[in-house]
Amino acid sequence: MDIESQNSSQFFSWDSLPEQLKSILPLRHSYLIKNFNVLSPFQTTKNFEIPQFELDAFVDIDDKEKARKWFLSFESKSKTTMPEFRHYEIKGKKVLFREKRHCIHSKLVKEKQGNRELKRLQSSQLQNTNCAATIHLRLKFCNIELSHPLEVNLRFTHNHVVNSAESLSF
Ligand SMILES: [Zn+2]
């Protein structure tokens, strides 16, 4: 494991990531991890244990198209579906890209039935389990010169099975 001095965070090549992160984070990127907090697993009614963790990290991505691509491969790798319920208006030049996404099983699903992204999904897949999982992506102009500009705040706190046929891939 290499240590990078930038913000006293730890630098990880994809290969050196902890197993839990390897199973959800896209390949061919390196990660600068500020905080990786493993929480106690969630137990479903059928006694499945769902791993829970929080991750604050930076990724070696410096433009918004690559950020979108990264997110899509995160979705397919982690077998989660996380639509954007409210789009942030990006004002001024400080932020190049910003998206906050919630799990498809969050309570916001019912409130936002008119959402374009949700219309593609079948209603049987829109189960509201009140899931609190979120991902927040930010690409700030002031970070663009750094080796890892894209900021990712992930709350991987799903309260349902994620790696099953129940989840979707686009
Ligand atoms: Zn969820």
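This is a predicted model: local features need pLDDT of at least 70, side-chain atom pairs count only at pLDDT 80 or more; totals for chains, interfaces and linings use all residues.
Which residues of H2 are buried?

Residues are numbered from 1 along each chain as its sequence is written.

**View 1. Helix H2 spans residues 64–78.** Helices (H or I, at least four residues) and strands (E, at least two) are DSSP runs, numbered from the N terminus. With 15 residues, H2 reaches 21 Å from its first C-alpha to its last, close to the 21 Å expected at 1.5 Å a residue (1.5 Å times one less than the number of residues).

**View 2. The buried residues of H2 are Ala67, Trp70, Phe71, Phe74, Glu75 and Ser78.** Buried means that 20 or more other C-beta atoms, placed from the backbone, lie within 10 Å of a residue's own; exposed means 12 or fewer, and partly exposed is in between. Seen down the axis of H2, these residues fall within an arc of 140°, so they line one face of the helix; the arc is that of the directions from the helix axis to the C-beta atoms.

**View 3. Lys79 follows H2.** Lys79 sits in the loop between H2 and E5. Its phi is positive, about 55°, although Lys79 is not a glycine. Lys79 is partly exposed, with 18 other C-beta atoms within 10 Å.

**View 4. Asn130 lies in the loop between helix H4 (116–119) and E6.** Here too is a residue that is not a glycine but has a positive phi, about 60°. Asn130 counts as exposed, with 12 C-beta neighbours inside 10 Å.
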